[in-house]
Amino acid sequence: MHNIKLIALDLDGTLLNSEKKLTAQNAAALERAAEKGIEIVPATGRFYLGMPELIKSLPYVHYVISVNGAQVYDVKRDKTVCSSEIEWERAVSVMERLDGMPVIYDCYQDGWGWMTQEMYDKAEEFAPTVHNLEMIKKLRTPVPELKVYLKEQKKGVQKIQLFFRDMALRAEMLETLPKEFPDLVVTTSIVNNIEINSREATKGIALKRLAEYLGISTAETMAFGDDLNDIPMLEEAGIGVAMGNAYDEVKKAADYITDDCNCDGVANAIIRFCGV
C-alpha cells in the first residue's frame, strides 16, 4: 500500500458517473479513506457554489480546488487558501479577440458566473446537453455587456469560458489561443468548451500549494481525472489516475488507468492503492 494522505478528484466524468451521480461504491470508498485520515479534495473547473450539493454536503470534504485551480478553498474556515486570477484588463482583451466569432463566452468572478445578456439568451444553441444548459442558466448572472461590466468592476477574473457549435473552430482555437495569449492557460473540460485561466491557475499547481499548506508531500497525494484540465494534477500527484473514459492525452499523463466513471473506477483505484 502507498502512504496516501490526500486524494484529489475531478467531478464530471470522474467521481460522478455519466448521470452526474455519486455511486454507492464510490461514496463508500471515499468514506473509508476519510476514516483513515486521508483528505478528500474535489478538484473542479466549477466555482464552489456551483458544485453539486451532493459533493458539498459530504462531511469529510474540508478543502476544494475550484475553477481549475484559480482558488483553493478552506470549507470549514470559509477562507481562500490561495488564488490566481486573470487581471481584468487582460480578460477584456481576450473577450475582444473572441467578439465576432460564432461562440458565446462568460467569466467567473468572485465565485460566480457572469455573461452578456445576448449570449445568455443564446445558451440553448450552444449547450451540448440539457444538464449543461441548466448549469449555464442557473450559475450565470446576465449583464448588459460583459466587457463593460468588467471595466466597471475593475476586479480580477477567475476563468473565461467559451462554448462552440463548430468543433473544427474549437480545435483551431485550442491551437491558436495559447500562442496568442502565452501568459494564460488554455484547456477544456467538456466536449464543446474552452477554458482560459491564469498561468498559475492549474489543478496541478493548486494541488501542490494545498499539500504544502497541509504539510503533505505531493508524493503522498493521489489524483483522478478524465479531461485535459486534469493533466497537470495527474502529473503533480504521487499517483496520477486516469479514468477508463479519459482522453488519450490524459491516459498518457497518468501512472495508472482505472475503470470508467460508470464502473466505479474511483473506488476500484482507491481500494487498490490505499487498501480501504
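**Close-ups of aromatic rings in a predicted model**

**View 1. A lysine charge over Tyr-120.** Here the charged end of Lys-137 sits 4.0 Å from the centre of the Tyr-120 ring, over that ring (a charge counts as over a ring if NZ of Lys or CZ of Arg is within 6 Å of the ring centre and within 35 degrees of the ring normal). This is a predicted model, in which local features need pLDDT of at least 70 and side-chain atom pairs count only at pLDDT 80 or more, while totals for chains, interfaces and linings use all residues. Residues are numbered from 1 along each chain as its sequence is written, and side-chain values use heavy atoms, with hydrogens and water left out.

**View 2. The tilted pair of Tyr-48 and Tyr-73.** The structure holds six aromatic pairs (rings of Phe, Tyr and Trp, the last by its six-membered ring, with centres within 6.5 Å; planes under 30 degrees apart are stacked, over 60 edge-to-face, the rest tilted). For Tyr-48 and Tyr-73 the centres are 4.8 Å apart and the planes stand at 50 degrees, so this pair is tilted. Tyr-48 comes from the loop between β2 (39-42) and α2 (53-56), and Tyr-73, 25 residues apart from it, from strand β4 (residues 71-74) (DSSP runs: helices are H or I of at least four residues, strands E of at least two, numbered from the N terminus). Both tyrosines are buried (under 20% relative accessible area, with a 1.4 Å probe and protein chains only). Look also for Lys-56, over the face of Tyr-48 at 5.7 Å from the ring centre.

**View 3. The stacked pair of Trp-114 and Tyr-149.** Their ring centres lie 4.9 Å apart with planes at 25 degrees, so they are stacked. Strand β7 (residues 112-116) carries Trp-114 and helix α7 (residues 146-153) carries Tyr-149. Trp-114 and Tyr-149 are buried.

Definitions and conventions:
Buried means under 20% relative accessible area, exposed over 50%, partly exposed in between (1.4 Å probe, protein chains only).
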